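I opened this model to look up a few local features. My notes follow in the order I took them.

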Amino acid sequence: MAEKKAKKFNTKDIVYIGLFASLIVICSWISIPLTVPVTLQTLAVCLTAGLSGAKKGVLSVAIYIFLGIVGLPVFSGFKSGIGALLSPTGGYVIGFIFTALIVGIVSDRSKGKIIPLVLSMITGVIACYIFGTIWFAVIYANQNSSPAALTTILGWCVVPFIIPDGVKIAIASLLTIRLKRFIK
């Protein structure tokens, strides 16, 4: 019985993974002051997974999260540490793994078609919203005497970000289609 050989990352793959993790870091530091501050993390995660696929995209996000856990100020607002992840909004950062996985899988299979890519980015961001919102609700309820209503939490954590995330998805999908041929 022939064993399936696991594909190992070559030097170019490792460089791309590091570059994409760095892109996520840089985009987390860029804050656009709207009614709520908006970072470019979502754009970076979608672009990373769109260009590099599921394995390398998820690994790039995992490295980004690991760097923050060990104390490098890579999260939005230059935050770091396990406390940042265990905060009410830390679930959205962990949710980026789901976004990268969904976008990466579709990117690996869609052969550069824009519609599946856009739909995967929308689905990936929704998965991040769901995970992050559940996380927020649980942490908020544990830190306060009474839980907040779901509509209140959505008003705080999701609704203000829908339009900015839609713009970021549009930009990430267009950049992915344009740049994919250069990333081998």
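Entry 1: I began with G104, which touches A49, G53 and A54, leaving out residues up to four places away in sequence. I took contact to mean heavy atoms within 4.5 Å. G104 is found in helix α4. I counted helices (H or I, at least four residues) and strands (E, at least two) as DSSP runs, numbered from the N terminus. G104 is buried, with a relative accessible area of 0%. My cut-offs: buried is under 20% relative accessible area, exposed is over 50%, and partly exposed is in between, with a 1.4 Å probe and protein chains only. I also checked G104 against N142: the two are 38 residues apart in sequence and 34 Å apart in space, C-alpha to C-alpha.

**Entry 2: ground rules and confidence.** The model is predicted, so I required pLDDT of at least 70 for local features and 80 or more for side-chain atom pairs, while totals for chains, interfaces and linings use all residues. Residues are numbered from 1 along each chain as its sequence is written, and side-chain values use heavy atoms, with hydrogens and water left out. The predictor's confidence in each residue, pLDDT, runs from 0 to 100. The mean pLDDT of the chain is 94, and 97% of its residues reach 70 or more.

**Entry 3: two helix lengths.** I computed the expected span of a helix as 1.5 Å times one less than its number of residues. Helix α1 (residues 11-29) has 19 residues and should span 27 Å; its end C-alpha atoms are 28 Å apart, which agrees. α4 has 21 residues and reaches 31 Å from first C-alpha to last, close to the expected 30 Å. After α4 comes K111, with a positive phi near 55 degrees.

**Entry 4: around α1.** Which residues of α1 are buried? I listed D13, Y16, I17, F20, A21, I24, V25, C27 and S28. They pack against β2 (37-39) and α2 (41-69). At the start of α1, a side-chain oxygen of N10 comes within 3.1 Å of the backbone nitrogen of K12.

Next I followed D13 across to K56. Their side chains are joined by a polar contact of 3.2 Å. For a polar contact I needed N or O atoms within 3.5 Å; within protein, one must be able to donate a hydrogen and the other to accept it, and residues adjacent in sequence count only if both atoms are side-chain atoms. K56 sits in helix α2. Is K56 buried or exposed? K56 is buried, at 16% relative accessible area. Leaving aside neighbours within four places in sequence, K56 is in contact with F9, D13 and I17.

**Entry 5: a serine in α5.** S120 is in helix α5 (residues 114-143). S120 counts as buried at 3% relative accessibility. A polar atom of the S120 side chain lies 2.7 Å from the backbone oxygen of L117. Beyond residues up to four places away in sequence, S120 touches I102, V103 and V106.

**Entry 6: rings.** How many aromatic pairs does the structure hold? I found eight. Rings of Phe, Tyr and Trp (its six-membered ring) pair if their centres lie within 6.5 Å; planes under 30 degrees apart are stacked, over 60 edge-to-face, and the rest tilted. Y16 and F20 form a stacked pair, 6.2 Å centre to centre with 25 degrees between the planes. Being four residues apart in helix α1, Y16 and F20 are separated by about one helical turn. Y16 is buried at 18% relative accessibility, and F20 is buried at 7%.

The rings of F98 and F131 have centres 5.1 Å apart and planes at 55 degrees, so this pair is tilted. F98 lies in helix α4 (residues 90-110) and F131 in helix α5, so the pair ties together parts 33 residues apart in sequence. F98 is partly exposed at 35%; F131 is partly exposed at 25%. Ring pairs link F98, F131 and W135 into a cluster.

**Entry 7: cysteines.** I searched the whole structure for disulfides and found zero. The cut-off was a pair of cysteine sulfur atoms within 2.5 Å. For C128, the nearest cysteine sulfur is that of C46, 9.0 Å away. C128 is buried, at 5% relative accessible area. For C157, the nearest cysteine sulfur is that of C128, 11 Å away. C157 counts as buried at 10% relative accessibility.
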